[in-house]
Structure formats: C-alpha cells, structure tokens
Amino acid sequence: MAPLIALLAGTTLARLTGLAGVSALDGWHPALRIGLAAMFTLTAVAHFAGQRRADLIAMVPPRLPRPGLLVTLTGVLELIGAIGLLVPATARVAAAGLGLLMLAMFPANVSAARRKLTLAGRPVTPLGQRAVLQIVFVAAATAISFGA
C-alpha cells in the first residue's frame with residue numbers, strides 16, 4: 001500500500017505546487033511524473049538493505065537464478081527510471097521502461113502470494129489486490145509514456 005500512497009501523495013503535492021505557481025509542475029502530466037518517481041524511489045530503496053531486501057529476495061520465483069542479483073538489478077533499474085522520470089526529455093522512455101519492468105516483476109508477486117510469504121513481517125498483498133495495484137501503476141507509466 002505504501003507505493004500507492006507515494007504515487008498519490010507525490011502526484012497531489014506536485015499538482016498543488018503547480019497550481020501555486022511552479023510552471024514546471026503546472027499540469028497533471030508533470031505531477032504524475034513526480035508521483036511515479038516518488039513511488040519508484042520508495043520501492044527501490046527496499047532493494048538494498050535490511051529485512052525488506054531479504055524478503056524481496058525470497059519473493060523471487062525459485063526457478064530463477066541468483067535472486068540477490070536480480071533484486072539488486074531491479075532496484076538499480078527502478079532508481080534509474082525514477083531519475084529519468086524527473087527529466088522531461090527522458091520521461092517517456094523512462095516510464096515505458098518502468099512499465100515493462102513492472103510487468104516483468106509481476107510473476108514474483110504472484111509467486112510470493114501463492115507461497116504466502118511476508119514483506120516487512122506482514123503477509124504480502126493478496127494476489128487480486130496486487131493485480132489491481134499493478135494495473136494502476138502500469139496505467140500511470142503508460143499515461144506518462146503516451147500522454148501530452
């Protein structure tokens with residue numbers, strides 16, 4: 001749920017900042033870029049330290065090799081994508097890449113839900129709810145990729 005909150009709060013705060021006179025954020029498209037960047041920054045941090053990293057490694061489907069490397073790689077890609085979203089010239093490509101990354105990582109969420117794993121000591125998001133969240137996140141990335 002924290003990624004959704006980061007997306008919504010980041011987008012809302014950026015939009016309000018635009019309405020307050022910051023021309024670079026004057027519109028929903030730039031505000032959504034900020035919200036999505038906030039979301040990916042939040043999720044990327046979990047890939048690098050502590051119990052969340054261990055939980056993410058456990059989420060990698062068992063048939064995939066080197067789960068620690070995969071978690072590190074996806075965290076790096078999320079950070080690069082978040083930075084790319086903040087640069088208007090690269091935002092569309094970054095959003096497209098992040099959308100594809102989310103689709104590629106979704107099987108890990110399915111696997112984690114089926115195996116009843118935990119994340120930060122709490123059960124992972126149930127599969128149905130996770131699928132809906134995934135649709136929202138991919139739709140946000142798609143809106144940036146193809147939006148004005």
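What share of the contacts in the protein chain with a separation of 6 or more comes from residues 24 or more positions apart? I looked this up first. The share is 66%. I note that the model is predicted.

**Entry: fold elements.** I went through the secondary structure next. The protein chain has six helices and two strands. I read their order along the sequence as α-α-α-α-α-β-β-α.

**Entry: overall dimensions.** I checked the radius of gyration against the globule rule. A compact globule of 148 residues would come out near 15 Å, and the protein chain has 16 Å, so the two agree. I also took the box along the principal axes: the C-alpha atoms fill roughly 50 × 25 × 25 Å.

**Entry: surface and burial.** I looked up the accessible surface of the protein chain, which is about 8,000 Å². Carbon and sulfur atoms hold 73% of that surface. Of the 148 residues, 43% count as buried.

**Entry: nonpolar cores.** I turned to the largest nonpolar core, which has 22 residues. Leu36, Met39 and Leu85 touch the most other members. Two or more residues of this core come from each of α1 (2-19), α2 (28-45), α4 (67-86), α5 (91-114) and α6 (127-146).

**Entry: Met39.** I followed one residue further. Which residues does methionine 39 touch, leaving out those up to four places away in sequence? I listed Pro3, Ala6, Leu7, Met102 and Phe137.

How values were computed:
Residues numbered from 1 in each chain as written. Predicted model: local features only at pLDDT ≥ 70, side-chain atom pairs only at ≥ 80, totals over all residues. Heavy atoms only, no water. Helix = DSSP H or I, 4+ residues; strand = E, 2+ residues; numbered from the N terminus. Rg over C-alpha atoms; globule rule 2.2 N^0.38 Å. Buried < 20%, exposed > 50% of the residue type's maximum accessible area, 1.4 Å probe, protein only. Contact = heavy atoms within 4.5 Å. Areas by Shrake-Rupley, 256 points an atom, 1.4 Å probe, with all protein chains shown as cover. Core = buried A, V, L, I, M, F, W, Y, C linked by side-chain atoms within 4.5 Å.
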